[in-house]
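Please keep the sequence and the structure in view while reading.

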Amino acid sequence: MSSQPPARERVTRARVLAEALRLVDERGIEGLSMRRLGEACGVEAMSLYHHVPDKAAVLDGISEAVYADIRLPETPDAMSWPEALGEGARALRAALLRHPGAVPVLATRPASHAEYWRLAEWLSRAMGPLGLRPLTTVYVVNAVSLFVVGTTIGQVGISPVRATQLTEELLAARLASVPAQDYPHATGLMSSVDASAFDWDELFETGLAALLDGLRRHVERLTGCGGQPNTSV
């Protein structure tokens, strides 16, 4: 009795976007094309347009998938607002590091899908009791999210920015390229750095702590009540 060939998996929008994210994870954004995506789905590229109208829709779908991978508690109600912003920042960074090839998509394409709004709702709920001017809340939240994206770009690299891991060799080469007498403070500092101890997690947590501390003091000045609800603001 002849065996039947295995049934080909049905192509759906969800499968197209899952394959797109897999390709980006493996090859980077430069490795994503409709032809390669069609091959990954086992169909001709033109068949994909039954499920996604164009490549821009694929990129938006990749953004949606990464945002969907942001893992947060159901609500921020048990946290102070700085704790909630810190939790959101770490969750966003973790999702980006799980999908480093997709970082250029999130860094360059405004998001408007439901998964973006899920994160926005979570953060807005955390900030809501402060009673700040709405635009100030937007500034505070965006300061944190831009810090996350910026540090992640430095860690994983996106074209034309390369990932940078500080090493003794790189540090020595950079110091050798500059006249120390012209920049004594900067070169003196960098000459004292132990490059082998450089750690992206520590860099992120140090920067996040400084950012949140500054934002906390700023909010306290605006509210005049230590960051507690103030309906008079």
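In which helix does Leu 135 lie? In this predicted model, Leu 135 is part of helix α7, which covers residues 134-156. Because its relative accessibility is 38%, Leu 135 counts as partly exposed. Together with Val 138 and Tyr 139, Leu 135 forms a nonpolar patch on the surface, and the accessible area of these residues together is about 280 Å².

The next topic is charge. Side chains of opposite charge can pair when their charged atoms come close. A search of the whole structure finds 13 salt bridges, and the table lists some of them.

| Salt bridge | N to O distance |
|---|---|
| Glu 64 and Arg 13 | 3.3 Å |
| Arg 22 and Glu 26 | 3.1 Å |
| Asp 69 and Arg 98 | 2.8 Å |

The side chains of Glu 64 and Arg 13 meet in a salt bridge. Glu 64 lies in helix α3 (residues 55-68) and Arg 13 in helix α1 (residues 13-27), so this pair ties together parts that are 51 residues apart in sequence. Glu 64 counts as partly exposed because its relative accessibility is 24%, and Arg 13, at 40% relative accessibility, counts as partly exposed as well.

Arg 22 and Glu 26 are both in helix α1, and because they are four residues apart there, about one helical turn separates them. Arg 22 is partly exposed at 34% relative accessibility, whereas Glu 26, with a relative accessible area of 55%, is exposed.

The salt bridge between Asp 69 and Arg 98 links distant parts of the chain, as Asp 69 sits in the loop between α3 and α4 while Arg 98 belongs to helix α4, 29 residues apart. Is Asp 69 buried or exposed? Buried means under 20% relative accessible area, so Asp 69, at 15% relative accessibility, counts as buried. Elsewhere, salt bridges that share partners join Glu 19, Arg 22 and Glu 26 into one network.

Notes:
Residues are numbered from 1 along each chain as its sequence is written. This is a predicted model: local features need pLDDT of at least 70, side-chain atom pairs count only at pLDDT 80 or more; totals for chains, interfaces and linings use all residues. Side-chain values use heavy atoms; hydrogens and water are left out. Patches are made of residues with over 30% relative accessible area and no salt bridge: like charges are joined within 9 Å, nonpolar side chains (Val, Leu, Ile, Met, Phe, Trp, Tyr) within 5 Å. Accessible areas come from the Shrake-Rupley method with a 1.4 Å probe; for residues, only the protein chains shown count as cover. A salt bridge is a side-chain nitrogen of Lys or Arg within 4 Å of a carboxyl oxygen of Asp or Glu. Helices (H or I, at least four residues) and strands (E, at least two) are DSSP runs, numbered from the N terminus. Buried means under 20% relative accessible area, exposed over 50%, partly exposed in between (1.4 Å probe, protein chains only).
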